[in-house]
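These are my notebook entries on a structure that I looked through for the first time. I set down each item as I looked it up.

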Amino acid sequence: GALLVSERIDREELCGTVSPCSLSFEILVENPLELYSGVVEIQDINDNDPVFPSSQARLEISESVAPGVRFPLESAQDPDVGINSLQTYQLSANPHFVLDVQTRGDGSKHAELVLEKELDREEQRELHLVLTALDGGSPPRSASVQIHIDVVDANDNAPVFNHSTYKASVRENTPSGTLVARISAYDLDDGPNGEIVYSFSSHTLAKVRELFTLDSATGELKVNGQLDYEETKLYEIYLQAKDKGVVPGVAHCKVLVEVVDVNDNAPEVTVTSVYSPVPEDAAPGTVVALLSVTDLDSGDNGLLIVQVSDVNDNAPKSLQDHYDVYVPENNVAGIPILNVSATDPDLGPNSRLSYALLQGDPAVSRLFSISQENGTLYLLASLDHEDQVKFSMMVQVQDGGSLPLSTNLSVSVFVTDLNDNAPVVLYPRPNSTDVVAPGTPARHMVTKVVAVDPDVGYNAWISYTLLQATDPSLFSVGLHSGEVFTARQLREDEAPHHTLVILLKDHGEPVLSSSVTVTISVDEMVKETLIDLTDVAPAHDPRKHVTFYLILAVILVSAAFFITIVSVGIFKCYKWRQSKELFNNSRSTLYRTPGPFNHIDAVRGGFTPPNFYHQVYLTTDSRQSDVLCKKPFTSSPLGSRQNTMRNGEPGLYHQIVGTASRLPKPAE
């Protein structure tokens with residue numbers, strides 16, 4: 001007796017919107033035979049979404065509609081019944097519309113849009129809203145429709161000009177059709193309400209309308225007649241702009257047209273009075289006639305102009321009479337190094353300048369050239385600081401007058417040094433050998449490397465480094481002096497021959513270097529010779545007279561101090577007396593330039609090349625007097641290509657010292 005469902009039941013298909021939905025049936029029972037009737041009620045479930053007739057809705061609403069106006073919307077349909085049917089509507093947030101949900105007599109719901117805030121098409125042309133329908137199921141089902149609202153324009157905006165007043169100028173006698181000004185207005189409305197027509201306003205005089213024409217579509221104001229400055233100098237033109245609305249909006253502007261004078265009138269000479277005849281004995285300055293000159297033009301067009309011709313009475317002038325140019329050596333040929341500039345206040349050819357190098361030093365004409373037109377000085381070849389440091393030349397600037405005038409400017413070109421020379425070894429000579437005796441104590445100078453660097457300054461400062469040696473522990477080299485010392489005492493069993501490779505580096509950028517090989521022989525004969533020389537000298541004990549030497553040293557120092565004090569006092573008295581005599585004689589104070597310091601000029605040793613010239617000074621960086629080498633073009637020993645040198649051969653060293661002591665003092 002079980003009652004079964006034979007197929008899927010759809011309440012909306014069976015009953016539609018009828019509620020309740022029931023199905024009747026009868027059951028026949030046999031033995032005994034009985035008939036029963038029954039009813040099955042089909043209950044609704046929320047299995048259907050609300051449905052709008054279309055997915056989009058479009059409305060056109062004028063911007064002039066007042067707030068409070070209602071706009072009905074299409075309703076959604078939901079086949080479910082009861083609480084599962086459509087219950088309410090919702091509207092997306094917006095500033096202009098609200099939603100009012102109404103209930104019909106049969107209980108169905110419908111929605112209306114209510115305008116809450118007025119629309120403005122110029123602010124927002126269209127609105128997009130979303131309307132959502134909801135049923136009462138749990139969870140609720142929903143459907144949405146896009147509402148597109150077009151804001152219809154109303155002629156609520158008048159045209160507006162970009163400027164209230166336009167200004168323009170036009171020359172008199174300008175041909176017809178010449179553009180004077182272009183006016184422009186805009187209207188925020190659309191369609192005919194925003195289309196603008198330009199025209200003359202009623203304030204514009206009829207004569208002005210004859211002289212000018214206005215394009216109604218583009219707003220171009222053009223000349224249409226003959227303009228005459230002498231007749232009217234300024235025109236005030238009043239224009240208007242209208243839209244094409246039913247009730248058109250109007251805007252006004254003014255155009256000020258200034259007529260520019262053209263020199264189209266010749267001067268008129270009028271004889272106002274003539275005194276005739278004139279007596280033959282009339283004195284100079286007697287008035288013969290009165291004349292008046294008039295010109296209808298204005299400004300400069302109305303003056304009588306007297307032309308003053310130019311005379312070449314001004315020589316070229318430059319802001320500076322001397323130029324200093326610094327050029328690094330090894331430059332690229334053909335580069336410009338200086339632009340000599342000058343001006344001439346004359347006119348025409350009298351102010352046209354040309355530049356030339358005056359003939360002088362042949363090296364200048366060979367190495368330099370100047371542009372005749374613009375005064376650019378070019379370097380034609382590469383310069384060498386070691387060859388020549390300074391070039392002096394004269395630049396002549398000449399104008400183009402018939403009797404030309406000129407100015408001479410001096411130019412000095414200084415060649416700055418680059419580190420382009422490696423140190424050059426002067427001593428020892430190649431294949432030479434220095435000899436040292438066995439048993440020589442430590443810190444004994446064996447020989448000295450003498451080198452020069454043709455560069456100057458830091459580029460010429462030489463440092464010496466022991467690069468390689470037969471026995472590195474036996475010899476050392478002075479970093480700045482180049483002196484080769486014994487690092488320890490020589491033993492009797494030392495190797496007879498030692499080869500030292502010394503690296504010489506300057507302090508330039510980049511660093512340049514060279515090397516020299518020094519050969520040292522350890523020979524017993526040198527020791528025997530020294531012993532023989534010692535035997536010749538009288539034997540004495542250096543410790544015997546220590547007290548005597550100390551007392552003698554104190555006496556000498558005291559005497560030297562006393563002599564110094566007395567000398568300073570005498571010198572001060574002499575200077576005071578000399579200044580007093582000069583004051584009494586009413587003369588200016590004279591200063592005497594001190595003469596050059598005493599030096600030994602031109603010492604030539606056997607190791608110096610015949611064509612190499614040096615100046616020799618006494619130095620203080622060595623334990624004995626050394627020789628400083630300086631090339632002729634160097635201003636001071638510290639800035640020169642210098643190095644202390646000392647001959648390692650004992651005989652030659654004493655010969656140099658003896659020669660220096662016998663040389664006379666050079667005259668000042």
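Which residue lies over the face of F485, and at what distance from the ring centre? I found that R443 lies there, at 4.3 Å from the centre of the ring.

Before going further, I noted that the model is predicted, that local features need pLDDT of at least 70 and side-chain atom pairs pLDDT 80 or more, while totals for chains, interfaces and linings use all residues. I also noted that residues are numbered from 1 along each chain as its sequence is written, and that side-chain values use heavy atoms, with hydrogens and water left out.

**Entry: charges over rings.** I looked up the rule: a charge sits over a ring if NZ of Lys or CZ of Arg is within 6 Å of the ring centre and within 35 degrees of the ring normal. Besides R443 over F485, I recorded K233, whose charged end sits over the ring of Y229, 5.0 Å from the centre of that ring.

**Entry: aromatic pairs.** I looked up how many aromatic pairs the structure holds, and there are seven. Rings of Phe, Tyr and Trp (its six-membered ring) pair if their centres lie within 6.5 Å; planes under 30 degrees apart count as stacked, over 60 as edge-to-face and the rest as tilted. One of the pairs is F71 with F97, edge-to-face, at 6.4 Å centre to centre and 75° between the planes. F71 belongs to strand β4 (residues 70-72) and F97 to strand β6 (residues 97-103), so this pair ties together parts that are 26 residues apart in sequence.

I then turned to F161 and Y198, a tilted pair with 6.4 Å centre to centre and 45° between the planes. This pair links distant parts of the chain, with F161 in strand β10 (residues 160-161) and Y198 in strand β14 (residues 196-200), 37 residues apart. F161 counts as buried because its relative accessibility is 10%; Y198 counts as buried at 7%.

**Entry: cysteines.** My search of the whole structure gave one disulfide, defined as a pair of cysteine sulfur atoms within 2.5 Å. C15 is joined to C21, with S to S at 1.6 Å. The link of C15 and C21 is right-handed, with 60° about the S-S bond. C15 is buried at a relative accessible area of 17%, and C21 is buried at 2%. I also looked up C253, which is buried at 4% relative accessibility, whereas C573 is exposed at 52%.

**Entry: a sheet of four strands.** I recorded an open sheet in the order β21-β27-β26-β23, with mixed pairing. Two strands pair if DSSP finds at least two bridges between them. At the edges stand β21 (322-328) and β23 (353-357), each with a single partner strand, so one side of each is left without a neighbour in the sheet. Strand β26 (residues 390-399) and strand β27 (residues 406-416) pair in the antiparallel sense over nine bridges. In β27, T407 stands opposite V397.

**Entry: a sheet of three strands.** This open sheet has the order β12-β16-β15, with antiparallel pairing. Its edge strands, β12 (179-182) and β15 (212-214), each pair on one side only. β15 pairs with strand β16 (residues 220-223) over three bridges, in the antiparallel sense. The bridge partner of T213 is K222, in β16.

Notes
Helices (H or I, at least four residues) and strands (E, at least two) are DSSP runs, numbered from the N terminus. Buried means under 20% relative accessible area, exposed over 50%, partly exposed in between (1.4 Å probe, protein chains only).
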